[in-house]
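Me: I'm new to this one. Can you walk me through it, starting with a loop?

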Amino acid sequence: MQTYLDSLLSKKYLIAALAATALAILVSNFLGKDYAILVGNLTYIPITGSLMVLSILVIARYGASGQHGIAWISFGGYALSALIAEMLWIFQELYLKIDPYPSTPDIFYLLNYPFLLMFFIAYFQPVRSAITKKMFAAPIAFSAGILAISLYFTIGVSSGLPLLEMALSIIYPTLDAIIIIPALIGVVLFFKGKVNFMWTLFCFGIVSVFAADTAFLFTQNDGSYYVGNPLEILFFWNYILLAFGVSNHLVLFQKQKASKFKEME
Amino acid sequence: MDTTDVQVKKALVAFAIERALLDMGGPVFAKVTKTLKDDYGCYIPDCYDHPEYLKRILSNLYGNAHAAIIDSIKTNLQDFVHQAPIQKFVCALE
């Protein structure tokens, strides 16, 4: 009963966080583009900051113990590189007043992917024998399908752009498509288990960032992009979904009180 | 089978379970231990007599992937499966 209540409460806060972010962006757009740029940039600070704090907490909980400890250290690397990338972007856009794309933040955005992939591999390591070849079929088909759609949109508007921007238009959707595969496998693998809630949130988060990257590259390449535009909501949702996934895992594997250990002895 | 023999086998099974869970992470071991205590009032060595408790907890926690954790426990016990009580424990986990 308590677990069911916890789960409901956790979903209530999740929905509230998703709705509040969407509302803030939509209202700021209604007030004007300058407001949207300011709100869009500043909203990244608490969201990526929260993800970083939760990652530190989960790393502190697991330490370097076992494969899941390694997985969460990798996830911490992801959270850190995401935080650095967003802070660099904000610094360049709001303080230096220069267009941050493509530039240094992209190095850190690209670093996110190997860290996330390391997280997936390490988390799956103890249960690798449950992963069958059949499990790959549907995720690969889904990933290839949405990659084709994404490349159709991003490459279509990237002709005539500098080589780096053209390359990034291909690299981002391809890397998104790669990390969607283990995320979907995770949902199938842990289906019916309590850890599945985290995997479902991670999966939605990655699908969200895939759609956001496609929209970003499309609008960036045709010159209509600005931080805080309504499509930016998907980037925020990615971080929020991941943060709530980590939070759910922290609650599930929370530390026992010392007295209970003594009682066991 | 005398009492000492049962105790040795319980310790062996407990060691195999602990090793499999600690390979995943300390908090995973702590969570399983706590659930065993809270739901059944027993500890890891008691899984020797009640493997179904462990199976249910792993299934609740990891869903479809619980079979892989059970495989890992079986692998840790593979040198002793020729002994009837250990084989019975392994079969009950499946």
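Reply: Pro102(A) sits in the loop between α3 and α4 of chain A. Helices here are DSSP runs of H or I with at least four residues, strands are runs of E with at least two, and both are numbered from the N terminus. This is a predicted model, where local features need pLDDT of at least 70, side-chain atom pairs need 80 or more, and totals for chains, interfaces and linings use all residues. Residues count from 1 along each chain as its sequence is written, while chains are lettered from A and ligands numbered from 1 in the order written.

Me: What is the peptide bond from Tyr101(A) to Pro102(A) like, cis or trans?

Reply: That bond is cis, with omega near -10 degrees.

Me: And Lys97(A), where is that?

Reply: Lys97(A) is also placed in the loop between α3 and α4 of chain A. Its phi is near 55 degrees, which is positive although the residue is not glycine.

Me: Is Lys97(A) buried or exposed?

Reply: Exposed, because it has 7 other C-beta atoms within 10 Å. The cut-offs: 20 or more other C-beta atoms within 10 Å means buried, 12 or fewer means exposed, and in between is partly exposed, with C-beta atoms placed from the backbone.

Me: What about phi of Lys192(A)?

Reply: Near 80 degrees, again positive in a residue other than glycine. Lys192(A) lies in the loop between α6 and α7 of chain A. Lys192(A) counts as exposed because it has 12 C-beta neighbours inside 10 Å.

Me: Now something else. Where is Val127(A)?

Reply: In the loop between α4 (104–124) and α5 of chain A. Val127(A) counts as buried because there are 22 C-beta neighbours inside 10 Å.

Me: Which residues does Val127(A) touch?

Reply: Leaving out residues up to four places away in sequence, Val127(A) touches Leu189(A), Tyr62(B), Ala65(B), Ala68(B) and Ile69(B). Touching, or contact, means C-beta atoms, placed from the backbone, within 7 Å.

Me: How many residues of chain A are in contact with chain B?

Reply: 24 residues of chain A are in contact with 23 residues of chain B. The largest share of chain A's side, 4 residues, comes from α3(A). By class, that side has 10 nonpolar, 10 polar and 4 charged residues. Nonpolar covers Ala, Val, Leu, Ile, Met, Phe, Trp, Tyr, Cys and Pro; charged covers Asp, Glu, Lys and Arg; the others, Gly among them, are polar.

Me: At what angle do α3(A) and α1 of chain B pack?

Reply: About 5 degrees, with the axes 2 Å apart; α1(B) covers residues 3–24. Axes are lines fitted to C-alpha atoms, for helices over the stretch in contact, and angles run from 0 to 180 degrees between N-to-C directions. The two helices are therefore roughly parallel. Angles under 35 degrees are roughly parallel, over 145 roughly antiparallel, 65 to 115 roughly perpendicular, and the rest oblique.

Me: Which residues make that contact of α3(A) and α1(B)?

Reply: Gly66(A), Gln67(A) and His68(A) of α3(A) meet Leu22(B), Asp23(B) and Met24(B) of α1(B).

Me: And inside chain B, how do α3 and α4 pack?

Reply: α3(B) (51–62) and α4(B) (66–76) pack at about 135 degrees, axes 8 Å apart. That makes α3(B) oblique to α4(B). Lys55(B), Leu58(B), Ser59(B) and Tyr62(B) face His66(B), Ile69(B) and Ile70(B) in this contact.

Me: Which residues are buried in α2(B)?

Reply: Pro27(B), Val28(B), Phe29(B), Lys31(B), Val32(B), Thr33(B) and Leu36(B). Their cover includes α2 and α3 of chain A, plus α1 and α3 of chain B. Just after α2(B), Gly41(B) takes a positive phi of about 65 degrees.

Me: How many residues are in the largest nonpolar core?

Reply: 92, and Ile180(A), Ile206(A) and Ile17(B) have the most contacts inside it. A nonpolar core is a set of buried Ala, Val, Leu, Ile, Met, Phe, Trp, Tyr and Cys residues joined through C-beta atoms within 7 Å. α7(A) gives the most to this core, with 14 residues.

Me: What does Ile206(A) touch?

Reply: Ile179(A), Ile180(A) and Ala183(A), not counting residues up to four places away in sequence.

Me: Last one. Is Tyr172(A) buried or exposed?

Reply: Buried, with 23 other C-beta atoms within 10 Å. Tyr172(A) lies in helix α6 of chain A. Tyr172(A) touches Asp213(A) and Leu217(A), leaving aside residues up to four places away in sequence.

Terms used: Contact = placed C-beta atoms within 7 Å.
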